[in-house]
Every structure is written in C-alpha cells, then in structure tokens.
Amino acid sequence: MAISEVKRLAQALSQEYNSANPNLAKCGQFLSQLKIALIELSYLTHEERPNNIEELTLARDVLEIGAQWSVRTKDIPSFERYMAQLQTYYNDHSVLPASPLKYNLIGLNLLCLLSQNRISDFHTALETIDPEQLHNNPAIQHPIKLEQSLMEGSYNRVWSSRSEVPSQEYLFFIDILMDTIRNEIASCSEKAYTSLPLSDAGTLLFFTNMEDILNFAKERNWKVNPVEQKAYFHSDTDEKINIPADQIIKQTMFYARDMDRIV
Amino acid sequence: MSEAPRRSTRLNKNQEDDTKGKAKAVDQDVEMEDSADATTTTPEEKVLGPKELEALVVADIKQHFALFIKSAKTHEARFAIRALRAVSSLRKRLTSQILAQTIASCYVKDDETRKRLLGYLGSEAAASITAEHETTATKSDTPEVDVYLHLLVMIYLLDQNQLDKGMELSNITVKTVQELNRRSLDQLAAKVYFYYARFYELTGRLAEIRPTLLNAQRTATLRRDDDTQSTLINLLLRNYFHYNLYDQADKLVSKTTYPENATNNQLARYMYYLGRIKAIQLEYTESHQSLLQAVRKAPQNNVTAGFQQEANKLLIIVQLLMGEIPERSLFRQPVLRKALVPYFQITQAVRVGDLNKFQETLAAHAATFNADKNYTLILRLRHNVIKTGIRMISLSYSRISLRDVCLKLHLDSEEDAEYIVAKSIRDGVIDATIDHEKGFMRSKENVDIYSTNEPQHAFHQRIGFCLKLHNDSVKAMRFPLKAVQLDAAEVEAARDQERTLVQEIAEADEDMDEDDDL
C-alpha cells in the first residue's frame with residue numbers, strides 16, 4: 001500500500017474513534033488493516049532505514065489509538081502489546097513531535113500493572129519516566145499516589161480516586177483494582193477485629209446493599225450472627241507451636257559436619 | 001620499578017576531579033624542585049630538570065614495552081597486568097612531548113601509525129622530537145606495544161579533555177584490537193574498551209556504541225576472556241543505567257554469568273550495578289548483600305571516594321527500605337561525611353516516624369536525590385515512615401483512640417488511620433486489635449522473645465556465616481610465591497644459628513648436670 005492509502009485509512013480510523021459514539025468493531029477492522037499496511041512500510045524493523053518522520057509519526061498515532069481502543073473493548077493483552085510497541089517510539093526516537101496522548105497512555109500502562117499486582121514491573125517502568133513529569137503530570141501522579149495508598153493500606157483513598165481520574169479509560173482499571181483490594185481489606189479486618197457490625201463491614205468494604213455483604217461474608221467464612229447483626233472473625237489464639245524438629249535436625253547435622261572438617 | 005600502585009576505579013566525575021587535582025599537585029611539586037636549583041649541576045644535586053624527567057618517563061614506558069613483549073612470549077598474563085597497573089601513576093606524568101618522543105623511538109619516520117598518533121598529539125609535540133630520539137629500527141612485530149601506545153595517547157587525550165579526537169582514536173583502536181585476535185592482548189583490550197566507552201559517555205553518545213559492546217561481549221565470552229568479559233558487562237550495565245533501561249539491564253544480568261576470576265575492581269562495580277537493579281525490583285535482601293560486597297571489595301582509599309559515596313548512598317536507602325536503621329558511624333567516615341548529609345536527614349525522619357519531617361527533607365534535597373537517581377527509591381520510604389510511627393505508638397500505648405493515632409501520624413482522616421492500622425496488623429508490624437465501635441486500638445501484651453524460635457534463627461545465621469568464612473579462607477590459601485625462596489637462604493642461616501644455640505644450651509645444661517652430680 002502506498003503511504004497515501006495508509007494515511008487515508010489512519011484518518012478514517014481516528015475520525016471513527018474520536019466521534020461521539022464510536023463503532024468499536026469497525027475500529028477493530030481498521031486497526032488490523034493498518035497493522036498490515038504499516039508492516040509493509042517496515043515499521044517493526046529498526047535497522048539502517050531512513051528516518052522518515054512522517055511515517056514514524058503516523059505509525060505512532062495509529063498505535064496510540066489502538067491502545068486506547070483495546071482498553072475500551074476491555075482487552076488487556078492487546079493493550080499490553082500496543083504499549084510494548086509504543087515504548088520504542090517514546091524512548092528511542094526523540095526526533096518525533098511530542099504526542100499529546102503520551103503521558104496519558106504511560107499512566108494507563110502503570111495502572112494496568114498495578115491492577116495485576118505486578119509491583120516490581122510497576123517500579124521498573126516508573127524509572128524510565130522523566131523525573132519532571134513524575135511530579136507535575138496529573139496523569140502520572142494518579143497511579144503513583146494510588147500505589148502509595150495501596151502500600152500504606154489507606155483503601156478509602158483508592159476509592160475516592162475514582163472521582164479524580166484524568167480520563168475515562170482509567171476507570172476500567174480501577175474497577176479491577178477494587179476487587180483486589182476488597183480481598184485485602186477483608187483479610188486485614190479478619191486479623192484486626194474480633195467482630196464487626198455488618199453495616200460497618202459494608203462501609204469498610206464499599207458495599208452498598210446487605211445482599212453483597214452477606215455473600216461476601218459467606219465466601220470468606222465469617223460467622224454471621226443475624227440477631228446482633230454482627231460478623232465474627234475466626235481468631236487464631238489456639239495455635240499450637242510445634243517444635244520444628246525437621247529444621248533443627250538439619251541445622252545440627254550441618255554444624256556437626258562443618259565442625260568435623262576443621263582440622 | 002618501585003611498588004606497583006593500585007589501579008584506581010574510575011566511576012564518577014568526582015573521581016576524575018580527585019585524580020586531576022592530584023596530578024596538578026604532583027606537577028607543582030616537580031616544578032618547585034626544578035626552579036629551586038636549575039642552574040647548578042654538581043654531582044650531589046638530586047634535583048632533576050624537565051628534560052631528565054621526560055627521559056625518565058620515556059624509560060619507564062620502554063620498560064613496560066619489555067614487559068608486554070615478555071608477556072606475549074611466555075603467554076603469562078601477569079607481566080601485562082603489572083605494566084597496566086603502573087598506568088595510573090604514569091598517567092599523571094604524561095605530557096605530549098614524552099609521548100611524541102616515545103612514539104618517535106618506536107616507529108620508523110614514515111610509518112602510518114606514527115603519523116596518525118603524532119597528529120592526535122598536536123604540533124608542539126612533534127616539534128620536541130630531536131634527532132636523538134629517532135630510531136632506525138623497523139616496526140616491531142609485537143602489536144601489544146602498538147596497542148599500548150594507542151592506549152596511552154587515548155588516556156592523555158582524555159585527561160586533556162579533547163573528546164572528539166579521543167573518540168576517533170578510540171574507534172580506530174577498537175577496530176585494531178578486534179582484528180587482532182591475540183590472547184596476549186586481552187588485558188589491553190579490556191582497558192581500550194573502557195576508555196572507548198568513557199569517551200562516548202562524556203560526549204553523550206552512549207547509545208551508539210551499544211551494538212559494538214554487545215558484539216564484543218559475545219566474542220569475549222566465546223574466547224573465555226575473563227578480563228574483557230567482566231569489563232564489557234560492566235560497561236553495558238553502565239550504558240543501560242545511563243538511559244534508565246533497568247529492564248534490559250536485568251535481562252542482561254540474567255542471561256550472562258559473570259566470570260569468577262574478575263579483578264576486585266570490576267567485581268565491586270558489578271555488585272553495585274546488581275544491587276541497584278535488585279533494589280528497583282523490590283528485592284531488598286539480595287540488593288543489600290550485593291551492595292555490602294561492593295563496598296567491601298572497593299579499595300578503601302581517597303581515589304575511590306566517588307564510588308564509595310555512591311555505593312553507600314544506595315546501601316543506606318536499601319537498609320531503610322528493609323526496615324533497619326543504618327548505623328550512625330557510617331555517616332561519620334571522613335570520605336563520606338559531606339555527601340551523605342541529605343541521607344542522614346532522611347534516616348532521622350524515618351527513624352522517628354515523623355511524616356512531616358520526611359516530606360520537608362524530601363522537598364529540600366530533591367535536586368540531590370534526582371541527581372543521584374535515587375528519588376523514586378526514597379519515595380518508597382514514605383510507607384516505612386508510617387510503619388515506624390505506628391510501631392512506636394503501639395509500643396508506647398496499651399490503648400489509644402484512632403483519632404489520636406490520626407493526629408500523631410499526621411494522616412488525613414480517621415478512616416485512613418483505621419485502614420492503615422488494620423493493614424499493619426495483618427503485615428505483622430504490630431500486635432494489636434481494633435475495637436471498631438468504640439474507635440480505639442488496643443495493643444497485645446509483649447511476648448517473651450526467648451521463648452520463641454527467634455534466638456535460634458539468629459544463632460543459626462551467625463554460625464553459618466562463621467563456618468562459611470572458615471571454608472572460604474581454607475579455599476583461598478595459596479602456596480608461597482617463588483620470590484620467597486630468595487629469602488630461603490637467609491631462613492636457612494637463621495635456622496642453623498638456632499640449632500647451634502640450642503646445642504650450646506644443651507651442652508651447658510649437661511655441664512650443669514654433671515656439676516650437680518658431683
């Protein structure tokens with residue numbers, strides 16, 4: 001395909017996507033066609049080819065739309081693939097004009113890693129970001145603050161961050177995150193409280209109606225006392241402390257063997 | 001040659017400045033001696049004029065040539081290593097005149113290489129070549145000498161800050177080394193790559209040489225060339241770190257095995273890089289061990305000040321992240337004192353658990369932390385501050401309301417405090433329960449620690465370490481070197497003396513016994 005064809009397709013795609021009510025299936029078709037076309041323009045290989053800025057910018061814009069589209073269609077692996085391809089465009093080709101969506105997408109990527117609990121990948125990705133942007137850009141500050149609140153355990157901040165999202169796509173990941181942290185809150189509460197009134201349990205877990213609370217309680221094996229409207233947590237005061245015989249034996253043999261080696 | 005001075009590690013600009021400062025001092029000393037008694041030439045005079053000094057240096061360099069040739073003939077690396085060790089002291093005494101004279105005496109007048117090298121040195125150098133320095137010898141057939149001269153010129157250009165010329169020369173030298181596949185060039189090749197990368201780093205074009213370094217590393221591994229391999233891996237890691245590509249650095253580390261016989265200097269650098277990667281990936285225990293090794297293996301003198309500072313900074317942060325407070329004596333070492341001031345303040349904030357102070361210190365020293373690339377790591381410490389704060393509170397109060405907890409820790413709200421305390425309980429930071437309706441936190445009674453398994457774990461660690469130390473020292477024992485046999489004659493004489501003494505004493509005793517018997 002000649003480059004004019006590719007341009008035409010790319011324009012059609014961006015119009016479709018940015019319109020008020022995008023037809024996601026049609027966007028998907030555009031994207032697959034464009035990917036094949038771009039391969040012919042050799043956008044995947046990075047040897048000694050002439051740096052055609054126009055082609056590179058075009059490819060990058062298409063990929064960005066692709067990434068956003070995959071979030072809309074709730075396709076996480078595809079989002080990660082697009083992000084991986086976009087990384088080289090952001091890092092290596094500094095001659096390209098700055099993309100307005102760049103930090104939005106980087107922030108989305110960070111959030112995606114967080115929601116899958118890949119904390120070490122999150123931190124590694126954090127290192128590659130420009131330090132200035134770290135402080136000032138709201139799109140990136142959002143996942144960073146989120147990660148801090150998660151580490152500390154102030155989950156209500158996570159809940160309130162729903163209202164502060166820089167763009168629509170973030171909400172998708174935050175919902176995934178909420179499920180994870182519900183489990184976290186539940187396990188914290190089990191250790192920390194001996195018993196909780198059910199309504200309070202509901203607020204702690206961000207549930208709104210009693211049904212959800214009861215279902216959740218059943219899943220986690222809490223003893224619910226309907227009369228007092230309380231949930232009792234299993235307390236572990238009756239653990240028996242076993243002597244770890246196995247380990248002691250191994251250690252003692254290790255000492256004996258090494259001591260005998262001393263001449 | 002007098003005792004070989006240690007190879008200095010060259011990691012940071014700080015160090016460059018240190019050595020340059022020393023170079024200036026040495027030069028000044030020399031000049032003062034010159035001006036003192038330049039005119040008198042009585043035989044008792046020990047002061048040397050500039051010409052004699054140059055001649056001395058040239059003679060030194062020629063001695064090194066001899067070492068290299070010997071090393072190539074006998075296929076033993078230690079002569080080459082000895083010559084290379086002297087480079088660091090030689091570096092301070094190099095001038096373009098000396099180099100020009102050496103080059104003139106090695107190559108015939110119309111030789112290509114000679115013209116090229118002289119071109120890099122500048123015209124005044126060429127002017128200083130007098131007739132007595134010319135040689136009629138044909139080009140020597142040991143390329144080691146060739147590469148060594150190139151290396152010296154490169155170092156000289158680096159010290160003179162002529163980076164572009166240096167880059168060109170280093171390109172040429174690297175190509176030469178790669179074409180000549182000789183084992184005797186290995187140590188020289190390692191040095192050449194090092195300066196090659198340094199030139200590119202100083203001109204900000206590191207990314208260009210990455211493919212070259214990767215290729216070279218592959219060939220070095222195939223040829224089992226330990227020195228070059230270790231240098232190249234370190235250079236590659238440094239390259240990745242410069243561009244913050246920790247992901248790729250991690251992959252490099254996982255795919256390559258670092259050669260075991262690497263010199264301590266290279267090993268120290270490698271441990272530092274490894275520690276950094278692990279710290280970013282949240283594996284603090286491993287990072288801590290690597291960094292401890294790095295600090296121990298680095299030579300503990302003023303020349304390595306820059307490296308020690310960097311390694312110790314990272315070590316402090318990792319210790320804080322693990323929950324341990326670094327010892328105060330660490331901050332008092334004279335080499336480290338000034339550089340570690342911001343880190344000392346951060347340590348104080350973490351130790352007390354005061355979030356406000358932490359934020360203030362962070363804001364005040366943000367520029368330093370950014371320059372050290374430690375900013376993101378320190379951000380992670382926020383969580384530690386809160387943890388310490390909660391632990392202090394739970395130890396001091398048997399019961400405290402959540403509202404008070406919120407006030408003491410400067411948290412935003414009571415719900416925040418509740419969640420945070422609940423998480424800390426689950427993580428095992430504190431031992432307590434929360435009473436939700438009445439809104440307070442109650443600490444449990446302290447358990448006598450000796451009745452648990454804790455002491456046994458601690459003992460086991462210490463015992464393991466001592467035994468490992470013993471095994472390692474046994475493995476590291478070596479037979480005495482041949483040089484000691486020269487003293488053997490003296491030892492023999494001493495033993496003979498002892499024997500005669502003992503005999504005399506024995507006779508004296510017998511005499512005494514006989515006397516007693518009488």
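Q: At what angle do helix 10 of chain A and helix 24 of chain B pack, and how far apart are their axes?
A: Two packed helices are described by the angle between their axes and by the distance between those axes. This is a predicted model. In it, helix 10 (residues 169-192) of chain A packs against helix 24 of chain B at an angle of about 75°, and the axes are 8 Å apart. Helix 10 of chain A and helix 24 of chain B are therefore roughly perpendicular to each other.

Q: Which residues meet where helix 10 of chain A touches helix 24 of chain B?
A: From helix 10 of chain A come Glu184(A), Ile185(A), Ser187(A), Cys188(A), Lys191(A) and Ala192(A). They meet Tyr419(B), Ala422(B), Lys423(B), Ile425(B) and Arg426(B) in helix 24 of chain B. Sorted by class, this contact has 6 nonpolar, 1 polar and 4 charged residues.

Q: How much area is buried between chain B and chain A?
A: The size of an interface is often given as the accessible area lost when the parts come together. For chain B and chain A the buried area is about 3800 Å², and carbon and sulfur atoms give 58% of it. The contact takes 39 residues from chain B and 42 residues from chain A.

Q: Which element of chain B gives the most to the side that touches chain A?
A: Helix 24 of chain B does, with 9 residues. By class, the residues on that side of chain B are 14 nonpolar, 15 polar and 10 charged.

Q: How many salt bridges are found across the interface of chain B and chain A?
A: Side chains of opposite charge can pair when their charged atoms come close. Across this interface the rule finds 0 salt bridges, and it finds 3 residue pairs in polar contact, both residues at pLDDT 80 or more. Over all chains, the count comes to 14 salt bridges. One of them joins Asp247(B) and Lys251(B), whose closest N and O atoms are 3.8 Å apart. Asp247(B) and Lys251(B) are both in helix 13 of chain B, 4 residues apart, which is about one turn of the helix.

Q: At what angle do helix 18 and helix 22 of chain B cross?
A: The axes of helix 18 (residues 341-352) of chain B and helix 22 of chain B cross at roughly 40° and come within 7 Å. These two helices of chain B are therefore oblique to each other. Among the residues making the contact are Ile346(B) and Val350(B) of helix 18 and Leu381(B) and Met392(B) of helix 22. By class, the contact has 7 nonpolar, 2 polar and 1 charged residues.

Conventions
Residues are numbered from 1 along each chain as its sequence is written. Chains are lettered from A and ligands numbered from 1 in the order in which they are written. This is a predicted model: local features need pLDDT of at least 70, side-chain atom pairs count only at pLDDT 80 or more; totals for chains, interfaces and linings use all residues. Side-chain values use heavy atoms; hydrogens and water are left out. Contact means heavy atoms within 4.5 Å. Buried area is the accessible area (1.4 Å probe) that two parts lose on being put together, summed over both. A salt bridge is a side-chain nitrogen of Lys or Arg within 4 Å of a carboxyl oxygen of Asp or Glu. A polar contact is a pair of N or O atoms within 3.5 Å; within protein, one must be able to donate a hydrogen and the other to accept it, and residues adjacent in sequence count only if both atoms are side-chain atoms. Ala, Val, Leu, Ile, Met, Phe, Trp, Tyr, Cys and Pro count as nonpolar, Asp, Glu, Lys and Arg as charged, and the others, Gly among them, as polar. Axes are lines fitted to C-alpha atoms, for helices over the stretch in contact, and angles run from 0 to 180 degrees between N-to-C directions. Angles under 35 degrees count as roughly parallel, over 145 as roughly antiparallel, 65 to 115 as roughly perpendicular and the rest as oblique.
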